[in-house]
Amino acid sequence: MKFIFSILCLLCVQLSIAQEAGLPILTNFNKVRDFTISNNQSEAYFTVQSPNEELSGIFKTRKVKGEWQEATLVSFSGEFKDLEPFLSPNGLQLYFASNRPLLVSDTKTKDFDIWVVERKSISDKWSEPRNLGAPINSVHNEFYLSIANSKNMYFTSDRPSAKGKDDIFLSEWKDDKYQDAISISPAINTESYEYNSYIAPDESFMLFGAYKRADGLGSGDIYISFNEDGKWSLAKNLGGNVNSKYMDYCPFVDWTTKTLYFTSKRSILKADKKLNSSEFLNEVNSYNNGLSRVYKMDISTLLNEFK
């Protein structure tokens, strides 16, 4: 019975594509990733990339009278490589990673830093991007910011203090300022690659990506670790209900609908019968064709299973 339930859950994940999440607009793009949605379900942001990632920009869609509108490039994106938007709980800050120069007058790209745009109300326009600066950013790469209710910031960096190639770092909000960023627990970070952390608002658990671990399903997988009295539990692979043999990454939780969104490069394409031209092109352009796409599932199911 448990085996049958696992198979049904796997099929549910594979079929719960963004279109079924009420976001058919995502199917208009061949390569999307990094999904974030507002608490009031009125706007969503995601990354659109060219196949080889020469171009990477942040797109936005709004819900008007219950319908998601055509997604457009945000005002501050389109020249440099921008990705990994994270909308703050109050909807007044949008954080993202970018290789843009520090000065508007410069045109030469730099390493990736974390930037923010702000607005006074959700009906206002976004400000010009602002680099978060130290201690969040460094002369090395910083990616994929996630913020807890405490204002603590979690992000990915390859700075020398990392335990491995990429680590998940924490910068605590203390005494009205951010403290020096530290590589978090070895229960999460290893000598390999850890990245794309999503922190629960109350910091009770973390979802993150890790690359080709011994318990992995083939490529990058999403893992979970629980914060138990200030100590992180040994991270567990979320298993076949979420992960595949392909790259699975960039988790984000919408707590309004209790939905886990994540990015995957999974493919169900296979040559098991002769296809005509129309069938062939339909398969090539299908959602599960190996390009990065956004998927979803119920987060409550996962938490009950792994806690």
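Predicted model: local features only at pLDDT ≥ 70, side-chain atom pairs only at ≥ 80, totals over all residues.
Strand S16, which covers residues 194-199, pairs with S17 in the antiparallel sense, and four bridges join the two strands. S16 and S17 together form a hairpin in which five residues lie between the strands, and Glu203, which belongs to the turn, has a positive phi of about 60°. Strand S17 itself, made up of residues 205-211, is mostly covered, since six of its seven residues are buried. S17 also pairs with strand S18 (residues 220-228), again in the antiparallel sense, over seven bridges; within this pairing, Leu207 stands opposite Ile224 in S18. In general, the strands of a sheet pair through backbone hydrogen bonds, in either a parallel or an antiparallel arrangement.

A further set of strands forms an open sheet of four, with the order S10-S11-S12-S15 and antiparallel pairing. Strand S10 (142-147) and strand S15 (182-183) stand at the edges of this sheet, and because each has a single partner strand, one side of each is left without a neighbour in the sheet. Strand S11, which comprises residues 153-157, pairs with S12 in the antiparallel sense over five bridges, and Ser157 is placed opposite Asp167 in S12.

Ser171 is located in strand S12, which spans residues 167-171. With a relative accessible area of 0%, Ser171 falls below the cut-off of 20% and is therefore buried. The side chain of Ser171 reaches the backbone oxygen of Gln179 at 2.7 Å.

On the surface, a nonpolar patch is formed by Phe280, Leu281 and Val284, which together have about 270 Å² of accessible area. Leu281, one of the residues of this patch, is found in helix H2, which runs over residues 277-284. The relative accessible area of Leu281 is 49%, and this residue is therefore classed as partly exposed, as the value lies between the cut-offs of 20% and 50%. Ser171, by contrast, is buried.

How values were computed. Residues numbered from 1 in each chain as written. Heavy atoms only, no water. Buried < 20%, exposed > 50% of the residue type's maximum accessible area, 1.4 Å probe, protein only. Pairing = 2+ DSSP bridges. Polar contact = N/O pair within 3.5 Å; in protein donor to acceptor, adjacent residues only side chain to side chain. Patch = residues over 30% accessible without salt bridge, like charges linked within 9 Å, V, L, I, M, F, W, Y side chains within 5 Å. Areas by Shrake-Rupley, 256 points an atom, 1.4 Å probe, with all protein chains shown as cover. Salt bridge = Lys/Arg side-chain N within 4 Å of Asp/Glu carboxyl O.
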